[in-house]
Amino acid sequence: MSNTKLEPRSALDSAKSASRSHVEIKVLDGISVVWIAARKGQTAALVARVNELYGVSLTLNPRLASSTGGIEFLGIAPDQWLAIAPAKDSHDPASKLAGQLQGLASIADQTDARTLIRVSGAKARDTLSKGLAIDLHPRALPEGAVAVTHAAHIGVILWRPIGSDSFMLACSRSYSDSFWHWLTEAAAEHGLAVS
Amino acid sequence: MATPNQPNRIANKGLIDRRAPLRFTFDGETYHGFEGDTLASALLANGVTLTGRSFKYHRPRGILSAGSEEPNALVELRSGAHREPNTRATMIELYQGLEAQSQNRWPSLKYDLLSINGLLSPVFVAGFYYKTFMWPASFWEKLYEPLIRRAAGLGRAAEAADPDTYEKCSAFCDVLIIGAGPAGLSAALAAGRSGARVILVDENFALGGRLLGDEVKLDGLSGLDWVRQTAAELRTLPEVRVLLRTTLTGAYDSGTFSAIERVADHVPKPAPHTPRQRLWRIVAQRTIVATGATERPIVFGNNDLPGVMLASAVRIYINRFGVTPGRNAVVFTTNDDGARTAIDLHAAGARVAAIVDARPDPSAAVRKIAEATGARLISGVVTDAQGRLAVSGARIRPYNGSAIELPCDLIAVSGGFNPNVQIATHLNGKAKWDNALAAFVPGDVPKGMTVIGAAAGSFALSRCLTEGARWGASAATSTGYPADVPYVPTVADTGYDIVPLWRVKEAKHKAFIDFQNDVTSDDIALAEREGYRSVEHVKRYTTLGMATDQGRIGNVIGLAILAEITGKTISETGSTSARPPYTPVAMGALAGHHRGKYFKPTRLPPSYDWAKEKGAVFVETGLWLRPQYFPVPGESDWLETVNREVKTTREKVGVCDVSTLGKIEVHGNDAATLLDRVYINAFSSLPVGRARYGVMLRDDGLVMDDGTCARFAPDRFFMTTTTANAVKVMQHLEFCHQWLWPALDAQMMSATDQWAQYSVAGPRARDLLAKIVDPPFDISNAAFPYMAIAELTVCSGIKSRLYRLSFSGELAYEIGVPARFGDALMRRLMEAGAEYGAIPYGTEALGVMRIEKGHVGGNEINGTTTAADLGLGKMMSAKKDYIGRVLAGREGLADSKRPSLVGIRPVNRAARLRAGAHFLEKDAAATAANDHGYLTSVAFSPMAGHWIGLGLLQDGPQRHGEIIRAYDPVRGGDTLVEVVAPCFIDTEGVRLRV
Amino acid sequence: MRINCPFCGERSLDEFVIQGDASLTRPDPAAPDAAAAFYTYGYERANVAGAHKELWYHSAGCHAWLVVSRDTRSHEIASVTLAKNVALARAKASTGGV
Amino acid sequence: MATDHYSLWSVLRESLTGHKTWKPAWRAAAPKPSYDAIIVGGGGHGLATAYYLAKRYGVTNVAVVEKGWIGSGNVGRNTTIVRSNYLLPGNIPFYEASMKLWEGLEQDLNYNAMVSQRGVLNLYHSDTQRDAYARRGNAMRLHGVNSELLDRDAVRDMYPWFNYDDARFPIQGGLLQKRGGTVRHDAVAWGYARAADRLGVDIIENAEVTGFKIENGRATGVETTRGSILAKKIGLACAGNSSRVASMAGLKLPIESHVLQAFVSEGIKPFIDGVVTFGAGHFYVSQSDKGGLVFGGDIDGYNSYAQRGNLPVVEDVLEGGMALMPRIGRVRLLRSWGGIMDMSMDGSPIIDKTQIDGLYLNAGWCYGGFKATPASGLCFAHLIARDEPHEVGRAYRLDRFRTGHMIDEKGMGNQPNLH
């Protein structure tokens, strides 16, 4: 019996996406999230290693660095990053990074710990400002910016992907239902059709 | 010239839209008004002047003002669940079908029985209650207070839940401008043109402030046209946000402000998906307060009669709303501005019977006005208004001659203006007295804040405009957006020239300071005579300034009169400092989205959907919603279900979702050292591939949390915490690492949500798991003994972590898979376990089994117990230091007589136990002196066949075998119980090692 | 009140948790007077009205512990630094402690 | 021939003559050179202490020195709740003694402080909370204090309009103390002041203590902004500022000062009869005899000497309010204010001698100070007069933290802002 595979299931299977002119909300699956924390005194070496492996230099502030291979490295805390990688069934970025960064960083897979949601559209900012108490204006939060904060009492990591006017949000998996409820309610005023 | 059925409407005047007539009702009567009216202006247009009753004496009251300071015209707006008490008619925008009712009167507004209180007013003075109703003591709750409470309050709260929604928004800006009058608009232009991010808020539904109520010219433009032109330009500036119907309610630290936007109060019902009101949290680098000034009345006899109105309000009703509040007016003023009201009245076709100028000698300006309006100019005072339900005349005492009486239906009164300094004082700043203006002006204002225009005492229009331009520009410049001071239109200023008069001593009738609370000048005098000399004492003793107008009408007058009485200056007497909110705020707006089911977020475990399908009953544990038990058809109650779950698990195998446990990855070369310092027992000695139970203390030596910690590699640990303490423990670990021992190489990350983790417990647990784990992994007892752990794959390649841990005391495992496979794994476990009779069990059965085994839980780890109290003293390592070790040694905590963990069972096995029962010696009296502890946790043990419990009992371990009482009077319980060892099953711990 | 987290930037009060006086240091548990020293450390507070160095945790943000210098009368914040750096510097200064 | 005694008759008599001859509630006393005892702090506790010193212990040569106007501290800025529904043996007898004093207060003082025993109800939302309240209720019973554990239906009978059906944390029941209730806060300060004044106590306002005279280990007087005053004994009753004042005598206390906000709504027709505390959020509420909803929640959490708080707690409190009683959505919040709390290290107060002879300490009341006013005054007066603790206050020792005998109702440990 153990040879039939387990079917994965996102925290928001019920409500995958909802969209309408002014704001679009989409739950993204199949993306790996890996926690990277520099070992004591190894930050410089880690940055160098990542640079030679992925051609990007990890930022020491809340910004993201996006590699040619489509991996984004988000600065989420002093000496800590999240790697956001499009997951292909075949490989497991966490183990790969663990191998590559051996001795330089602590690694843990966070793929299942987070639900990734993209919010875009003309009213994305207005929608998010109903819950996020940080300044979302492009002057304060330009493309590539990262913010670890909370919205409607729920912890959330937010970032602005390069070359897009959208917002990416990652909330803890177990909170996804409540987060989705708040987000869709906040967006409803701007014409969001909730599926 | 009046519009049909709106007798007081003036033809072609005002900003109302006469093509948009609106129907509304007040006390059941139907009336008509126009788009752009307030309820107050519409009532006045219809000749309705009696709008309410006062709080204490139930005196007839009318509309005093045209703004948010209105103390009298409070109504119940809307009906049913939408009923909104104490709503100021002056702030209600008229909409089609509006319903309003007067309040605090019975049977009707015209004939209010409680106006009898007015006759008793000689008795009902300030402090009345403190001196009476003391005998007999028991009568207070029985008789006196019920009577008082019947009379208490103004309007009625709705009886059902508020059907509307509310939301909260955050906004950030470089420059926040509060108030969109001439000063605020001019500042917004100056700052906005620089490209700085500007937010302009105004509580009104139209821009312009006093420019809407006064006839002025700016460079030849009418005030209104200038406002239109300015608004148009502001609309073109992308970084300028204008929020109308938005009251700035509070100033908080670091440039944070609260504001309430009334999104849908001006329409019959909110548009779909829009809130009724919105709370704005505004963060501003610089703030410009341009909140204007509020006119104050003069204290003379019957100054509260309907028909006595603030002079500036009279002008607003005429010019902005095209309504004349009277046809035959007396203007009573202490300054030139008040007198100007005569001009607008005259222009509106009303007769101005007299201008009564309280100043020793009226200014030239006033003489001119009198001539132009044909008003009789009297240098003197109005001593009393005359009339019963409305003003019918004024009794006037000229300074040179004897009293005269003039018939009139309106007394327009101006005692001068109080700058609205409230926002500037919210952060403890005090306002300071300005003698020339006879008013308080801002004193020390918070960093980053500037007060301008009338709010700063600059009443002249030209100064409002120039200050706005100057400070708007400098504010923007200081935030990095260089701005030029823009051109300012020229205006012809009019004078103010006040000689303050606070009260008319010759008044024959009651003379009010605080209208709504019926505070008179006599009350102030009485309070002072009785030794309540501090202004704060006077306010509290008389309730001056405690009404819904926040003291905007009466506070300064009361202060001035107190100064007069005590012969002190006003500055010596006191100052005013306000507290948020600036005007009263609907409570729903401050709660926003977070009510009902969404009061707090809900966390769902990975097997939630599956458990729901299975008909599980769920229970809130912290923010989590966990399956409590899984009833099956035929089971009569929860106990039967839980008994089955326990039995089946102990006899066959059960599966429980324990994903809610806190999980923390602890990595690094010094991870073991860190763990040694936070746990009372050692972890550096833990071999790779094994787990260990650990206990953490708080700094003060009491137990903080317990859990297990597994070692996957020399530098890689996986910690579990209790569900309740997950966040607290993470914070603690970070504290120890970042603050206490920063030199350690350790990194922590929460993995609670990453892993779906299930406990698989019972004699057949291994058989079940054998079908799940991928070969060649060997889970035989020899290869994978108690407390072993491993990383492996299950169900054909799903990476997984297996822990041989047992909370139930059975052969048991905890199996973890990435959370997205949690749902599927639970289904698979049930499938694979079917042949062994596998069942799911919930938190109840979990609890029963841990009590049967005597494991401590949240009821025992309650923040007041030591490790020794919980029978874990022997775990406290003597070989190392750890958090809490030293203070745990204090005599009070080391005392062996402290209540410590015992097992409890009823002597009469049929008896039920209840947690919270206290322990008494068998024959001891039920008194505090004999209180020896209490039952912390109880359960019915299907294995033992009776109720069992854990408890904390003085000197407990020494008392096994003793019979004591479990005393539970609040539930009528008093049971003889036997003290036993805190373990009811498999005391040797054989089953979990097989 | 808003605290300028050295990593995340300025954030609202509700993202943080305060622990208290940052001028206290955990005593040497091996010292002969450890009991008395730990009592003082655990319980006695200067509780100053004025400039106060205190520990805050950015619980809703980057999880950094911070040393915040704040006036307890005005709530005005003079400086914010990462507690880790303060602790390291202090350790360097007095190479004591565990 | 000034009218002194308060009664309906004296009010009626005065009403005929325009209330011209009332005797002032308390004299505006000037400091004498020396007193038998000085109480620092003209709040509820200080004034009550002076009153009981004079009334019960015959010490009448007493001064209360107050830096501003009496009652300007927490007695004038609280939510007026009185109750004795405590858990621990160190607390129950003390707060029950206080309840008993409240029950006879008005007749004792001849001042109506509107002591109103309309009941205090603590709601529970889970089995664990229920059992914790059962434990508390049983502890109260063992101390002879009545308490009742109500189930959901019983609560619903009392307050049918709570949110029962759409709640995140459904109400399961509550612990009721019928004798609990509210008291008109200002009147407590004024009533004690008036009664103490009549017994000869000097109430000296606008006299801020700037230092202590201490001669070889003994306190002999205080320096104030109105001159120095000598005294045989000095009692500190200045909660909120205890650390500040004690530091002038070189003392460091197990106390932090924190701000607690409180709120009142516009006056509306009464619909909340008693006091209710929400068990699933930070919210408690009662309705005053003027009709205002008087409510509060948690402390702001940071050390503060500013009598004001910040927005997050305001939102937190109102979220609790709306979760419990959604019908108040359209009722308006009228005013908010902040008080400085002496938050102690175990959430319980201190009434004890200090290391300095003749200097006595009454502090650490957290936000439980108002209900404690009478017993606090009585115990402190006893301690000052007799140099030994009153039996109901003997647990409130200053050295209990050193010896590990904390009185920690919440089990939060040495983290003052969590109590």
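This presentation covers salt bridges, backbone geometry and one surface patch in the structure shown above.

The structure is a predicted model, in which local features need pLDDT of at least 70, side-chain atom pairs count only at pLDDT 80 or more, and totals for chains, interfaces and linings use all residues. Residues are numbered from 1 along each chain as its sequence is written, chains are lettered from A and ligands numbered from 1 in the order in which they are written, and side-chain values use heavy atoms, with hydrogens and water left out.

Let me begin with the salt bridges. Side chains of opposite charge can pair when their charged atoms come close. A salt bridge here is a side-chain nitrogen of Lys or Arg within 4 Å of a carboxyl oxygen of Asp or Glu. Over all chains, the count comes to 109 salt bridges.

One of them pairs R39(A) with D715(B), with 3.0 Å between the closest N and O atoms. R39(A) lies in the loop between β3 (31-38) and α1 (43-54) of chain A, and D715(B) in the loop between β36 (703-713) and β37 (716-721) of chain B, so this pair joins two chains. Helices (H or I, at least four residues) and strands (E, at least two) are DSSP runs, numbered from the N terminus.

Within chain B, E791(B) and R716(B) form a salt bridge, at 3.0 Å from N to O. The pair links distant parts of the chain, 75 residues apart, with E791(B) in strand β40 and R716(B) in strand β37. E791(B) is partly exposed at 41% relative accessibility, and R716(B) is also partly exposed, at 22%.

A further pair in chain B is D869(B) with R898(B), whose closest N and O atoms are 2.8 Å apart. D869(B) sits in the loop between α24 (843-853) and α25 (891-894), and R898(B) in the loop between α25 and β44 (899-906); the two are 29 residues apart. D869(B) is buried at 3% relative accessibility, and R898(B) is buried at 15%. In chain D, salt bridges that share partners join D4(D), K23(D), R27(D), R194(D), D197(D), R198(D) and D202(D) into one network.

I turn now to the backbone. Most residues other than glycine have a negative phi, and most peptide bonds are trans. Which residues have a positive phi although they are not glycine? N86(B), with a phi of about 55 degrees, lies in strand β6 (residues 84-88) and is buried at 0% relative accessible area. H273(B), with a phi of about 65 degrees, is in the loop between β14 (256-261) and β15 (277-289) and is exposed at 53%.

The peptide bond from P580(B) to P581(B) is cis, with omega near 0 degrees. P581(B) lies in the loop between α16 (570-573) and β30 (585-586). P775(B) and P776(B) are also joined by a cis peptide bond, with omega about 10 degrees, and P776(B) is in the loop between α22 (765-770) and β40 (789-794).

Finally, the surface. L114(B), I116(B), L119(B) and L120(B) form a nonpolar patch with about 370 Å² of accessible area together. Such patches are made of residues with over 30% relative accessible area and no salt bridge, like charges being joined within 9 Å and nonpolar side chains (Val, Leu, Ile, Met, Phe, Trp, Tyr) within 5 Å. Accessible areas come from the Shrake-Rupley method with a 1.4 Å probe, and for residues only the protein chains shown count as cover. L114(B) lies in the loop between β7 (98-102) and α2 (116-119) and is partly exposed at 33%.

Conventions. Buried means under 20% relative accessible area, exposed over 50%, partly exposed in between (1.4 Å probe, protein chains only).
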